[in-house]
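Please open the structure in your viewer and keep the selection tool at hand. The tour goes one selection at a time, with a short account of what is found at each stop.

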Amino acid sequence: MPRYFFHMHSNGDVERDPIGIEIPSLARAVAEATKALTELIDEEALDELRLEIMDQSGRVLAKVG
């Protein structure tokens with residue numbers, strides 16, 4: 001199963017995900033990122049937040065937010 005990494009970008013800062021998680025597909029990873037982003041925005045009252053989904057080789061596969 002592929003491992004995806006979710007790097008959080010907020011206000012010019014980047015919080016890198018060093019561990020990642022195994023998810024069956026990129027579509028599922030995007031769905032999880034969208035859900036997490038919605039929860040984070042509600043929780044933290046953030047206006048500018050985006051998640052970048054990367055594969056194990058460091059290639060950006062998708063951006064959410």
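Predicted model: local features only at pLDDT ≥ 70, side-chain atom pairs only at ≥ 80, totals over all residues.

The chain has 65 residues, of which 31% count as buried.

Now switch to a cartoon view, in which one helix and five strands can be picked out. If you follow the chain along its sequence, these elements come in the pattern β-β-β-α-β-β. Among the contacts with a separation of 6 or more, 40% are between residues 24 or more positions apart.

Next, select strand 1, residues 3-10, which is mostly covered, since six of its eight residues are buried. Which strands does it pair with? Take its partners one by one.

- Strand 2, residues 13-15, runs antiparallel to strand 1 and is joined to it by three bridges. Select Ser10 together with Asp13 of strand 2, and you will find the two standing opposite each other. The two strands form a hairpin with two residues between them, and Asn11, in the turn, has a positive phi of about 50°.
- Strand 3, residues 21-22, is also antiparallel to strand 1, with two bridges joining them. Here the pair to select is Arg3 and Glu22, the latter in strand 3, which stand opposite each other.
- Strand 4 pairs with strand 1 in the antiparallel sense over six bridges. His7 can be selected with Glu52 of strand 4, which it stands opposite.

Then hide the cartoon and show the side chains of Tyr4, Phe6, Ile23, Ala29, Ala33, Leu37, Leu49, Leu51, Ile53, Ala62 and Val64, the 11 residues that make up the largest nonpolar core. At least two residues of this core come from each of strand 1, helix 1 (26-44), strand 4 (49-54) and strand 5 (60-64). In soluble globular proteins, nonpolar side chains tend to be buried together.

For the last stop, centre the view on Tyr4, which is a member of that core. What is Tyr4 in contact with, leaving aside its neighbours within four places in sequence? Its contacts are Asp17, Gly20, Ile21, Ile23, Ser25, Leu26, Ala29, Ile53, Met54 and Leu61.

Methods: Residues numbered from 1 in each chain as written. Heavy atoms only, no water. Helix = DSSP H or I, 4+ residues; strand = E, 2+ residues; numbered from the N terminus. Buried < 20%, exposed > 50% of the residue type's maximum accessible area, 1.4 Å probe, protein only. Contact = heavy atoms within 4.5 Å. Core = buried A, V, L, I, M, F, W, Y, C linked by side-chain atoms within 4.5 Å. Pairing = 2+ DSSP bridges.
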